[in-house]
Amino acid sequence: MIKIVLADDEHLVRGAIAALLGLEGDLDVVAEVGRGDQVADAVREHGADVAVLDIEMPGATGLEVAAELGSAAPDCGVVILTSFGRPGYLRRALSSGAQGFLAKDAPVDQLAGAIRRVHGGGRYIDTDLAAAAMVGGESPLTDRETEVLRAASDGATVARIAGALHLSEGTVRNYLSNAIGKTGADNRMAAIRTAQDMGWL
């Protein structure tokens, strides 16, 4: 079972999400909280695997909580579930350490899939929100992610990129994975095409 802490200050919304997730055989909402400053304690108390966070909450925003959990509970994945699907929020969520980002009006199977993916060590970003963030113009990629993606653009292997940039192969894989997630792509070649189309490479 994947243990989930759900944080949203709207009681009706929180209850509905918890009930829908409860219908999934492998998901268990172990705690519900209405304030951001209650999340870390709930995660520790229940040994949660994933925290599903609203952005706007009293006590602390979901983005602040995501950053807090990065040090307070590094084994707990973070999914931001929000009605504020603005590009700036997506970029800030990723830089805060969230691995998942999707809108509250997403179907429950999409949310369940995002939770499973984040629990498995992956990322899940709503493609429409990712596209909106890219239209926003500012590159979501760090300088290192851009450098690694550029080095991969001619089809170079991870080992070759690592040697050329004096990085470990694991570090190169991490940068590529981050770039793929931030561009909303399915693989590194798609990420390269998106970044090239946007003028980021």
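Predicted model: local features only at pLDDT ≥ 70, side-chain atom pairs only at ≥ 80, totals over all residues.

Trainee: What does Lys104 form a salt bridge with?

Mentor: First the general idea. Side chains of opposite charge can pair when their charged atoms come close. Here, Lys104 pairs with Asp8, and the closest N and O atoms are 2.9 Å apart.

Trainee: Which parts does that pair tie together?

Mentor: Lys104 sits in the loop between β5 (100–103) and α5 (108–119). Asp8 sits in the loop between β1 (2–7) and α1 (11–22). The pair therefore ties together parts that are 96 residues apart in sequence.

Trainee: Is Asp8 buried or exposed?

Mentor: Asp8 is buried, because its relative accessibility is 2% and the cut-off for buried is under 20%.

Trainee: What about Glu32 and Arg14?

Mentor: They form a salt bridge too, with the closest N and O atoms 3.5 Å apart. Glu32 belongs to strand β2 (residues 27–33) and Arg14 to helix α1, 18 residues apart. Glu32 is partly exposed at 42% relative accessibility. Arg14 is buried at 10%.

Trainee: How many residues apart are Arg173 and Glu169 in helix α9?

Mentor: Four, so about one helical turn separates them. Their salt bridge has its closest N and O atoms 3.5 Å apart. Arg173, at 47% relative accessibility, is partly exposed. Glu169, at 36%, is partly exposed.

Trainee: Which residues do shared partners join into one network?

Mentor: Asp8, Glu10, Asp54 and Lys104.

Trainee: How many salt bridges does the structure hold?

Mentor: It holds 12.

Notes: Residues numbered from 1 in each chain as written. Heavy atoms only, no water. Salt bridge = Lys/Arg side-chain N within 4 Å of Asp/Glu carboxyl O. Helix = DSSP H or I, 4+ residues; strand = E, 2+ residues; numbered from the N terminus. Buried < 20%, exposed > 50% of the residue type's maximum accessible area, 1.4 Å probe, protein only.
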